[in-house]
Amino acid sequence: MSALVGMAMGALIRHSATTMVLTTGLLLLLPTFVTDRYHWTACVRNALPFNAWRRLVQVDYGHMPYTLAERYPTTVAGGWVVFAVWALVAAVVTVVAVDRRDV
């Protein structure tokens, strides 16, 4: 999925260094700055692929007695939907941008 996002951003930006920096910032660094304190920020956080992945690989969900529960947690189905939407949007952006720019 990150390859599709990278291709989409690469098709839009056309500079490999800028594409790598923006892809890394969007997929890995942005989720660390978005909290789940408010509902709207939790929605943004749950729509990012890193948090969807983190929820999908969390085996012991609900069985951690000494940790704080998230206020607005994502669901497993929501995690899969996030991955599907990101891949679909990245593929559409890649096809549209390459179709319009490359002759």
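User: Why is Asn-46 called buried?

Analyst: Asn-46 has a relative accessibility of 17%. Buried means under 20% relative accessible area, exposed means over 50%, and partly exposed is in between (1.4 Å probe, protein chains only), so Asn-46 counts as buried. Keep in mind that this is a predicted model: local features need pLDDT of at least 70, side-chain atom pairs count only at pLDDT 80 or more, and totals for chains, interfaces and linings use all residues. Residues are numbered from 1 along each chain as its sequence is written, and side-chain values use heavy atoms, with hydrogens and water left out.

User: Which residues is Asn-46 in contact with, leaving aside its neighbours within four places in sequence?

Analyst: Those are Tyr-72, Pro-73, Thr-74 and Val-82. Contact here means heavy atoms within 4.5 Å.

User: Where is Asn-46 found, and which residues of that helix are buried?

Analyst: Asn-46 is found in helix α3, which spans residues 39-46. Helices are DSSP runs (H or I, at least four residues), strands are E runs of at least two, and both are numbered from the N terminus. The buried set in α3 is Thr-41, Ala-42, Arg-45 and Asn-46. They cover an arc of only 135 degrees around the axis, so they sit on the same side of α3. That arc is taken from the directions from the helix axis to the C-beta atoms.

User: What makes Phe-50 and Trp-53 a tilted pair?

Analyst: Rings of Phe, Tyr and Trp (its six-membered ring) pair if their centres lie within 6.5 Å; planes under 30 degrees apart are stacked, over 60 edge-to-face, and the rest tilted. Phe-50 and Trp-53 have ring centres 5.8 Å apart and planes at 40 degrees, so the pair is tilted. They are three residues apart in helix α4 (residues 49-56), about one helical turn.
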